[in-house]
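Here is a walk through a single model, strand by strand. Keep the viewer open and follow along.

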Amino acid sequence: MRLSRSVKMALAVATGLALTLAISPSTASAAGGASSAAPAPAAGTSQATWHLSDYEQRACLPANVSNFTYFVGFVAGSWSTPLHVDMHGLPEGTDYGLPVPIPPGSNGDRYVGIAWVAMTLPPLDFGEYRAEMTLSDGVVTQRMPIVIKIQERWGCGL
């Protein structure tokens, strides 16, 4: 059965919302994910009051077919200027749109999925493709690693 693009987007959003509600600092830490507090900056560097989780996100997808997927940046803390989202290193031919800048806000110490990037990947050969999502407040840029694993079938638990 082939799903329309709008149905795929609706499923992606529903899944992402469920993940956003399910992930908190305590569950992320227990799973080996992001910690509940932003790391201390090195001496003499600018200190951000927000933190993009640097927990590696993965998508494990079938080879040689076009695939729809998305990645979500989880942010804790507060920011007084808009956060700009960007993607780097995606496979050539990937079709995606960046969200509008995220307005100033605060999530306290809870990581919340606020940076969503949906995409359609072109048919890809078997292998791992590395990319990253970046968020920037104009002074500080933080990165989240992404791995797109192209394999025989869907699922990262293979």
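Start with S2 (57–62): 5 of its 6 residues are buried, so the strand is largely enclosed by the rest of the structure. Buried here means under 20% relative accessible area, exposed means over 50%, and partly exposed is what lies in between (1.4 Å probe, protein chains only). Strands are DSSP runs of E with at least two residues, numbered from the N terminus. S2 pairs with S8 (residues 141–151) in the parallel sense, over 6 bridges; pairing itself requires that DSSP finds at least two bridges between the strands.

A word on the ground rules. This is a predicted model, in which local features need pLDDT of at least 70 and side-chain atom pairs count only at pLDDT 80 or more, while totals for chains, interfaces and linings use all residues. Residues are numbered from 1 along each chain as its sequence is written, and side-chain values use heavy atoms, with hydrogens and water left out.

Now step back to the loop between S1 (50–52) and S2, where you'll find Ser53. Ser53 counts as buried because its relative accessibility is 7%. Its side chain reaches the backbone nitrogen of Tyr55 at 3.3 Å. For reference, a polar contact is a pair of N or O atoms within 3.5 Å; within protein, one must be able to donate a hydrogen and the other to accept it, and residues adjacent in sequence count only if both atoms are side-chain atoms.

On to S1, which belongs to an open sheet of 4 strands, ordered S1-S3-S6-S5 with antiparallel pairing. S1 and S5 (95–96) are the edge strands, each pairing on one side only. S1 meets S3 (residues 67–79) through 3 antiparallel bridges, and His51 has Ala76 in S3 as its bridge partner. From Ala76, hop to Arg110: the two are 34 residues apart in sequence, yet their C-alpha atoms are 5.3 Å apart in space. Arg110 sits in S6 and is partly exposed, at 34% relative accessible area.

What about aromatic pairs? The whole structure has 1. Tyr70 and Trp116 have ring centres 5.8 Å apart and planes at 15 degrees, so they are stacked. Tyr70 lies in S3 and Trp116 in S6 (residues 105–121), so the pair ties together parts 46 residues apart in sequence. The criterion takes rings of Phe, Tyr and Trp (its six-membered ring) with centres within 6.5 Å; planes under 30 degrees apart count as stacked, over 60 as edge-to-face and the rest as tilted. Tyr70 is buried at 18%, whereas Trp116, at 24%, counts as partly exposed.
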